[in-house]
Amino acid sequence: MNDSSGQQPTGARSNSPTQTGLVAAARLVVRRDGVIERRMVLGEVAITVGRALSNDLVLSYEGISRRHAEFHPCPEGVMVVDVGSANGTFVDGRRLAPNAPHLLHDGMFCSIGPYTITYYAPGSLSHIGALATVPLPE
């Protein structure tokens, strides 16, 4: 509880998200056939995607290249780059040019083979759409 000075007493905890560490990080949600298969928290380094086990995100499907794409976090969101894959990386149904970064904003997704990868910005409320819903009784 605050005293009249507006400061918290010694030992008091703040419920501010920035002070409790509850601020959501940027993340990728990977779906196949509408089912969430993986959630990844983005740090400051690029995430490699492909069929090879050496990738940060391994997508097991024969139509996906061994080294297929990369996700690069940046201040504006995240850049997705097709690194010369055989079957392409798609954003909004359009195939990306090889090695040409494309900016994803909160809630945007890309398709790689049968997988859909959705980007959620830090602190985004749009992740609510990724949660399962249960109808309330009437």
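Reading the core, sheets and charged residues

Q: Which residues of the largest nonpolar core touch the most other members?
A: In this predicted model, the largest nonpolar core holds 24 residues, and those touching the most other members are Val49, Leu57, Leu59, Phe71, Leu104, Ile117 and Tyr119.

Q: What is phenylalanine 71 in contact with, leaving aside its neighbours within four places in sequence?
A: Among its contacts are Leu28, Val45, Ile47, Val49, Val78, Val80, Leu104, Cys110 and Ile117. Three of these names, Val49, Leu104 and Ile117, also stand in the list of core residues that touch the most other members.

Q: How many bridges join β1 to β2, and how many join β1 to β11?
A: Six bridges join β1 to β2 in the antiparallel sense, and six join β1 to β11, also antiparallel. Valine 29 has arginine 39 as its bridge partner in β2, while arginine 27 stands opposite tyrosine 120 in β11. Strand β1 is mostly covered, with five of its six residues buried. The hairpin of β1 and β2 has two residues between the strands, and aspartate 33 there takes a positive phi near 55°.

Q: Where in this sheet does β7 pair with β10, and over how many bridges?
A: Residues 90–91 of β7 pair with residues 109–112 of β10 over two bridges, in the antiparallel sense. Phenylalanine 90 has serine 111 as its bridge partner in β10.

Q: What is the strand order of the five-strand sheet, and what is its pairing?
A: This open sheet runs β4-β3-β5-β6-β9, with mixed pairing. Its edge strands, β4 (57–58) and β9 (102–104), each pair on one side only. Within the sheet, β5 and β6 run antiparallel and are joined by six bridges; cysteine 74 has glycine 77 as its bridge partner in β6.

Q: Which side chains meet in a salt bridge?
A: Side chains of opposite charge can pair when their charged atoms come close. The count in this model is one salt bridge, in which glutamate 70 and arginine 67 meet at 2.4 Å, N to O. Glutamate 70 is buried, with a relative accessible area of 14%, whereas arginine 67 is partly exposed at 44%.

Q: What is the nearest side chain of opposite charge to aspartate 82, and how far away is it?
A: That side chain is arginine 95, 5.7 Å away. A salt bridge requires a separation within 4 Å, and aspartate 82, although buried, has none.

Q: What does the side chain of aspartate 82 reach instead?
A: Aspartate 82, placed in strand β6 (residues 77–82), reaches the backbone nitrogen of glycine 84 with its side chain at 2.8 Å. A polar contact of 2.8 Å also joins its side chain to that of threonine 89. Not counting residues up to four places away in sequence, aspartate 82 touches residues including His68, Ala69, Gly88, Leu96 and Asn99.

Conventions:
Residues numbered from 1 in each chain as written. Predicted model: local features only at pLDDT ≥ 70, side-chain atom pairs only at ≥ 80, totals over all residues. Heavy atoms only, no water. Buried < 20%, exposed > 50% of the residue type's maximum accessible area, 1.4 Å probe, protein only. Pairing = 2+ DSSP bridges. Helix = DSSP H or I, 4+ residues; strand = E, 2+ residues; numbered from the N terminus. Lys, Arg positive; Asp, Glu negative; His and termini not counted. Polar contact = N/O pair within 3.5 Å; in protein donor to acceptor, adjacent residues only side chain to side chain. Contact = heavy atoms within 4.5 Å. Core = buried A, V, L, I, M, F, W, Y, C linked by side-chain atoms within 4.5 Å.
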